[in-house]
Amino acid sequence: MVTRKRSSIAQEKISQYPRVALVLQGGGALGAYQAGVYEGLHEVGVNPNWVAGISIGALNCAIIAGNKPEDRVAKLKEFWETICHPPSPAAGMMTSMMDMMNSAAGMFTQSTRDFTETWFGTMAAGQAILAGQQGFFVPRPMAPGMGNPAQISYYDTSPLIATLERLCDFDRINDSDMRVSLGATNVRNGNFVYFDNTEITLTPHHFLASGSLPPGFPATEIEGEFYWDGGCVSNTPLEYVIAGQHRKDTLVFQIDLWSAKGKLPETIGDVMTRMKDIQYSSRTRNITTAIKEMQGLRDLLNETIQKVSPAVRAKDPFFKELTAKLEGVRYNCIHLIYQNKQTEGSYKDVEFSHETKQYHWSEGLSDMRLTFDHPDCLNLPPKGQTFTQFDVHRESWAHAAKSV
């Protein structure tokens, strides 16, 4: 559990940043991991003032931004308990069987337990595919349909609108001090766009659009344009948060659901799993690398300018303009990545069982607590650096804090 001292230290360090951003990647059922991470932030009293999300990350943003800070964890739990409710009596029977197996875990070998978990996960994913998920999506009669882009899909996502309206205060989303940004893809021109509450009034349909992943989910129509899931183009809003206007010193909690690292495939199921992991995680890694390089060039150019004599700089307005564009803004990216469970397969993003949701949530909470065990990772980047990052699973703090 989080101690009062740890909470005090974290709040003191985080108070140095005028902007604290929570960046949530897409990943379907894996999004419960992000909810667990948020509970870990809540434990130490961290309240982000900017949330940016894509797909399931956008839906978690809706719950966070649409509720008072003291209610957010409870509402996240209600949301995930709603969409992970067993969709059929058969799924309920599977849940009861799994509970019995867990109670008798000591009677079975590890290989037997792994086989049982894999079987259960496959069956739960199959149930979601066949029957949909309560409060989220249901199979569309006569699917996939034709003609209207908003009706060409295998599932109807209208139940999600009612869920968001029940759990979120959209006046709060649009009127509070928390900035909200949602990534989506324009179907007509293929452009990646952001719906931002500093520019437009967000509705449930904007959040739905960010998660309209084809061909399962239909395009969402907004003001005559149709939008698909932002993950069709990029699965992380990190670049938008860092490259935007009105730059400020920023602490970013980047929560990813797909791990780029993994073992070589041994079966066709392994191939499908690795394909998804690489497809959705590599964009995050590429963007992070590009941002590091960009910030490194800013640092180098700023250092070069400082070698020009003050007298020369004072005479030429070019230097003043260039210095203003470079800005000494610092970014610290705390990167948390869900680590795959051995028994998960390529279906993991559609495995909405209550048990797996609990596992993902607890992993997110555990990873956030583990990160706060390294309080130095929250420090502002030292003088001369504009970008640092820390990932508790991949590198030590000493390595993460090195200059770009």
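1. Helices (H or I, at least four residues) and strands (E, at least two) are taken here as DSSP runs, numbered from the N terminus. On that basis the protein has 15 helices and 11 strands. The model is a predicted one, in which local features need pLDDT of at least 70 and side-chain atom pairs count only at pLDDT 80 or more, while totals for chains, interfaces and linings use all residues. Residues are numbered from 1 along each chain as its sequence is written, and side-chain values use heavy atoms, with hydrogens and water left out.

2. Of the 404 residues in the protein, 50% are buried; buried means under 20% relative accessible area, exposed over 50%, and partly exposed in between, with a 1.4 Å probe and protein chains only.

3. Largest pocket. A pocket is defined on a 1 Å grid over the protein atoms alone, as an open set of points where a 1.4 Å probe fits, with protein on both sides within 12 Å along at least five of seven lines; lining residues have an atom within 4 Å of a point. A volume is the space filled by probe spheres set on the points, which are joined across faces, edges and corners. The largest pocket comes to about 690 Å³. Its lining consists of 31 residues, and Leu213, Gly216, Phe217, Asp349 and Val350 lie nearest its centre. Helix 3 (56-65), helix 6 (110-131) and helix 11 (268-306) are the elements that give two or more residues to this lining. Helix 11 gives the most, with four residues.

4. Composition of that lining. Residues are classed as nonpolar (Ala, Val, Leu, Ile, Met, Phe, Trp, Tyr, Cys and Pro), charged (Asp, Glu, Lys and Arg) or polar (the others, Gly among them). The lining of the largest pocket holds 19 nonpolar, nine polar and three charged residues.

5. Second largest pocket. Its volume is about 450 Å³. There are 22 lining residues, and Lys263, Asp270, Thr273, Gln342 and Glu344 are the closest to the centre of the second largest pocket. Helix 11 again gives the most to the lining, here with five residues. By class, this second lining has three nonpolar, 10 polar and nine charged residues.

6. Nonpolar cores. A nonpolar core is a set of buried Ala, Val, Leu, Ile, Met, Phe, Trp, Tyr and Cys residues joined through side-chain atoms within 4.5 Å. The largest one contains 72 residues, and Leu22, Trp80, Val180, Phe207, Phe253, Phe352 and Leu378 have the most contacts inside it. Helix 3 gives the most to this core, namely eight residues. Apart from it lies another core of 17 residues, including Trp50, Tyr194, Val241 and Val252. Within the largest core, Phe352 is one of the residues with the most contacts. Leaving aside residues up to four places away in sequence, Phe352 touches Gly28, Ala29, Trp80, Ile83, Cys84, Ala128, Gln133, Phe136 and Phe137.

7. Salt bridges. With a salt bridge defined as a side-chain nitrogen of Lys or Arg within 4 Å of a carboxyl oxygen of Asp or Glu, the count is 10. Lys13 pairs with Asp376, their closest N and O atoms being 3.9 Å apart. This pair links distant parts of the chain, 363 residues apart: Lys13 is in helix 1 (residues 4-14), and Asp376 is in the loop between helix 14 (354-372) and strand 11 (387-390). Lys13 is buried, at 17% relative accessible area, whereas Asp376 is partly exposed at 37%.

8. Arg330 and Asp249. These two form a salt bridge, with the closest N and O atoms 3.4 Å apart. Arg330 lies in the loop between helix 13 (317-326) and strand 10 (331-337) and Asp249 in the loop between helix 10 (238-243) and strand 9 (250-256), so the bridge ties together parts that are 81 residues apart in sequence. Arg330 is partly exposed, with a relative accessible area of 23%, and Asp249 is buried, with 16%.

9. A network with a local pair. Lys75, Glu78 and Arg166 are linked in a network of salt bridges. Within it, the closest N and O atoms of Lys75 and Glu78 are 3.8 Å apart. Because Lys75 and Glu78 are three residues apart in helix 4 (residues 72-83), about one helical turn separates them. Lys75 is partly exposed at 25% relative accessibility, as is Glu78 at 29%.

Key
Contact = heavy atoms within 4.5 Å.
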